[in-house]
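I opened my notebook to look up one ligand and the space around it. These are my entries.

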Amino acid sequence: MKSSEIRSKFLEFFESKSHDIVQSAPMVLKNDPTLMFVNSGMAPFKEYFLGNGTPKNTRLTDTQKCLRVSGKHNDLEEVGYDTYHHTLFEMLGNWSFGDYFKTEAIAWAWELLTEVFNIDKDILYVTVFEGSDDADNLKMDTEAYDIWKQYISEDRILKGNKKDNFWEMGDQGPCGPCSEIHVDIRSAEEKTKVDGKSLVNMDHPQVVEIWNLVFMQYNRKANGSLEVLPNKHIDTGMGFERLCMVLQNVTSNYDTDVFTPIIREIETITNTDYGKDEKIDIAIRVISDHVRAVAFSIADGQLPSNTGAGYVIRRILRRAVRYGFTFLDKKEPFIYRLVSILSARMGDAFPEIKSQKQLIENVIKEEETSFLRTLDQGLVLLDRMIEGESSKEISGAKVFELKDTYGFPEDLTDLILRERGFTYSKKEFAKKLQEQKDRGKEASASQSDDWVVIKEDAEEEFVGYDTLETQVSLTRYRKVTSKKDGEQYQLVFNMTPFYAEGGGQVGDKGYLEQPNGDVIYILDTKKENNLIIHFAKNLPKNLDATMKAVVDVKQRYRTECNHTATHLLHQGLREILGTHVEQKGSSVHSKYLRFDFSHFSKVTDEQLRDVEDFVNARIAGRLPLQENRSVPMEQAIEEGAMALFGEKYGDAVRTIRFGQSIELCGGTHVANTADIWHFKIKGEGAVAAGVRRIEAITNDAVKDYFAENDKAYADIKSLLNNAKEPTAAIEKIQLENADLKKQVEQLLKDKAKNIKGDLKAEVSQINGVNFLTKELDLDANSLKDLAFELGGEIDNLFILFGSNNDGKALLTCYIDKKLVAEKSLNAGTIVRELGKHIQGGGGGQPFFATAGGKNPDGIAKALEEVKAYL
Ligand code: ATP
Ligand code: MG
């Protein structure tokens with residue numbers, strides 16, 4: 001059975017049991033600061049388990065893109081070495097939110113595997129939770145055991161401990177006991193030798209877990225205790241690639257049709273054969289896996305970068321490049337060439353990969369190119385390190401520096417050093433690495449207490465589209481302590497006019513006015529699991545009181561001008577550059593806006609002017625805001641709103657229209673485009689391959705900008721003695737300046753000529769060499785000319801000049817070519833070695849070289865020591 005058919009059969013099976021089929025959520029979730037990437041099927045549904053929201057249907061089924069490369073679930077280091085863990089994989093799931101529980105979940109799982117997919121019962125094992133006698137003190141899951149007994153013989157039901165049979169997403173959040181289903185796909189002969197039972201959960205590559213049925217019944221709180229959830233839920237997750245392995249009768253995920261087309265392509269590009277040499281096989285598996293993770297992340301809007309989630313993606317890609325570089329001998333970019341296959345094979349189930357193929361290829365290619373450059377530079381640095389080393393052991397600190405400063409990976413350093421008979425101190429390296437990690441941890445550590453619930457309230461209402469001020473009461477709060485912000489309180493109200501950071505727009509600031517007139521400032525507003533959280537330095541005195549919540553009007557208004565302008569800018573870019581322009585990110589502040597979009601070349605000044613004019617025409621056109629607060633996604637798209645990947649199931653969409661511009665948007669906007677007053681682009685540049693960024697300002701900021709420019713212009717004019725035509729005046733000064741430069745150069749040359757006569761008298765003889773050292777007050781070019789002129793007149797000449805140009809030290813060494821050959825002298829080596837006195841370095845050719853440095857005081861020492869070479 002083909003993988004695409006396996007995927008549909010799963011979804012259709014649960015559809016037949018009254019589940020709605022929903023699309024995979026993006027791998028990077030909005031509004032969930034606790035999770036960098038979706039690492040399991042349940043992550044996008046977390047708020048439903050916690051009771052902070054309700055789905056349209058209490059039964060859903062999906063295949064969810066998961067990435068396990070950070071945090072509690074991190075399989076990165078396994079990937080490539082084993083045959084059944086991936087970074088990115090699909091998790092097939094069926095979901096019950098307070099609907100059915102263990103009986104149906106188990107019955108349907110069994111029916112699907114044994115009757116629809118016809119898996120032989122005799123290769124299946126199941127596990128149930130045995131209970132725990134630790135602080136949680138949980139009982140064995142006899143309920144699940146008794147249900148399983150109806151389907152499978154008891155000797156195939158195994159009891160498992162907390163590590164395997166109690167599922168937790170992270171340190172906090174919903175959790176519960178689980179039952180796993182394992183397959184034993186070893187040969188009959190193997191099976192007679194070792195009992196399958198003894199291999200379950202023992203990391204055997206052919207006795208693996210395929211499905212986990214989680215019975216959500218608890219919430220793990222910040223203090224570590226468990227609380228019973230108000231409703232019981234089902235969360236199941238089946239590894240799609242592992243299921244394909246079983247149904248396609250192979251023993252490795254990489255031998256299924258999910259991976260073989262990619263592997264064939266790698267073989268062709270790199271001229272290798274999969275299945276002959278373990279090292280090469282690992283590299284091929286790593287690359288075929290990682291290209292999927294990276295491509296899907298980019299499609300979901302997470303570009304490789306230097307921080308956070310972007311950095312994780314960059315590291316995954318670099319891991320793939322490294323394996324290609326080291327084991328497949330690929331020194332030029334090639335991973336991007338695999339995207340075509342991926343898009344062709346997976347584009348139907350995940351259209352985002354197809355529609356953004358070009359962008360994904362560009363980004364990967366550029367990342368590959370730049371990392372390969374790093375590797376090349378690293379190799380040169382490594383060579384130098386080895387050259388200067390007298391012992392056979394390199395310090396771990398140096399290897400760390402190579403990694404930290406130059407991005408050159410440790411394992412590659414290790415390999416190269418070993419090849420050349422060197423070692424390095426791994427202990428010292430590990431120490432340096434740990435120190436760096438500790439520094440990072442300290443800086444970002446934060447600790448949040450449990451919520452203190454004042455009033456149970458179904459859902460916090462956001463009223464900030466209509467009003468900036470309203471009476472509110474506190475429903476819950478918690479204290480959060482972090483190094484960065486110190487102690488802060490997070491407050492949640494029954495309703496709020498404060499907009500929470502989202503859709504690129506910053507969160508509102510403002511204040512709370514208590515009944516006695518005291519004021520508490522709201523420093524920021526963010527959303528987490530559907531709660532709108534207000535950040536404050538202190539708590540209200542009376543927690544039950546009703547108080548006035550007031551949004552900072554000025555900041556909000558400026559932000560709205562920028563947000564509306566962002567929509568008009570988006571429309572303008574598509575109009576002027578073409579419809580390939582897609583939003584790749586935006587950030588809307590009160591002072592400026594930033595808009596990232598796909599486009600493959602620099603936007604010309606003329607195009608930028610056209611875009612500016614386009615937006616300003618719409619501002620002048622006084623277009624009113626037309627808002628529709630709750631439209632089904634399909635309808636919004638029909639009306640012409642751009643479909644954005646990044647929405648997940650259940651998101652109520654809101655459409656914002658200004659004239660012909662229609663967008664799905666939850667942000668706040670001006671009532672009429674005329675409010676924006678004026679729009680001005682301040683900069684355009686590249687963020688990544690194929691992604692450009694525009695920064696722009698509106699309203700007050702434009703006024704300030706023009707005022708500043710006016711002032712700068714007036715200042716310039718006054719510097720030019722109020723010249724009527726400042727541009728002409730500056731051009732005149734530039735011409736004069738060029739002329740003066742020429743004159744100075746000529747004067748210096750003349751001076752050098754005069755010096756030449758004096759210097760000839762100073763030449764001395766050492767071991768048959770005509771030797772001259774001198775500190776001179778001349779620039780580099782004059783010194784060079786002088787050295788060659790002297791060399792033309794005096795045979796066997798060796799010169800070392802020192803000079804100090806405005807605090808920059810320079811050594812210039814000239815050696816007659818004959819001397820170079822006969823005495824094997826090398827000016828390059830000499831200046832490099834003497835460079836240490838002036839705290840610098842340099843190089844050149846054997847007969848002429850220079851070194852620059854920052855310590856002119858060392859020149860005398862260098863001139864003194866050079867004699868030693870003769
Ligand atoms: P394992 O012990 O094999 O790592 P797990 O206990 O981490 O699995 P769960 O967290 O229960 O797995 O995830 C549910 C299912 O997802 C698993 O039964 C498995 O089929 C699949 N799965 C988990 N991790 C991976 C991975 N890294 N690559 C591919 N499939 C995976
Ligand atoms: Mg695991």
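**Ground rules.** I am working on a predicted model, in which local features need pLDDT of at least 70, side-chain atom pairs count only at pLDDT 80 or more, and totals for chains, interfaces and linings use all residues. Residues are numbered from 1 along each chain as written, chains are lettered from A and ligands numbered from 1 in written order, and side-chain values use heavy atoms, without hydrogens and water.

**Ligand shell.** I looked up which residues surround ligand 1. There are 15, and the closest are Asp75, His85, His86, Glu209 and Asn212. A residue counts as near if one of its heavy atoms lies within 4 Å. By class, I found six nonpolar, five polar and four charged residues. Here Asp, Glu, Lys and Arg are charged, and Gly is among the polar ones.

**Polar contacts.** I looked for pairs of N or O atoms within 3.5 Å. A polar side-chain atom of His85 is 2.6 Å from a ligand 1 oxygen. For the side chain of Trp167, an N or O atom lies 3.1 Å from an oxygen of ligand 1. Ile210 uses a backbone N or O atom, at 2.9 Å from a ligand oxygen. Alone, ligand 1 exposes 580 Å², and the protein buries 87% of that. These areas use the Shrake-Rupley method with a 1.4 Å probe.

**Elements.** I noted that strand 10 (207-220) is among the elements giving two or more residues to the shell. Strand 10 gives the most, four residues. Strands here are DSSP runs (E, at least two residues).

**Pocket.** Where does ligand 1 sit? Its space is the second largest pocket. A pocket is an open set of points on a 1 Å grid where a 1.4 Å probe fits, with protein on both sides within 12 Å along at least five of seven lines; lining residues have an atom within 4 Å of a point. A molecule sits there if more than half of its atoms lie within 2 Å of the grid points. I noted a lining of 43 residues. Strand 10 supplies the largest share, six residues.

Terms used. A polar contact is a pair of N or O atoms within 3.5 Å; within protein, one must be able to donate a hydrogen and the other to accept it, and residues adjacent in sequence count only if both atoms are side-chain atoms.
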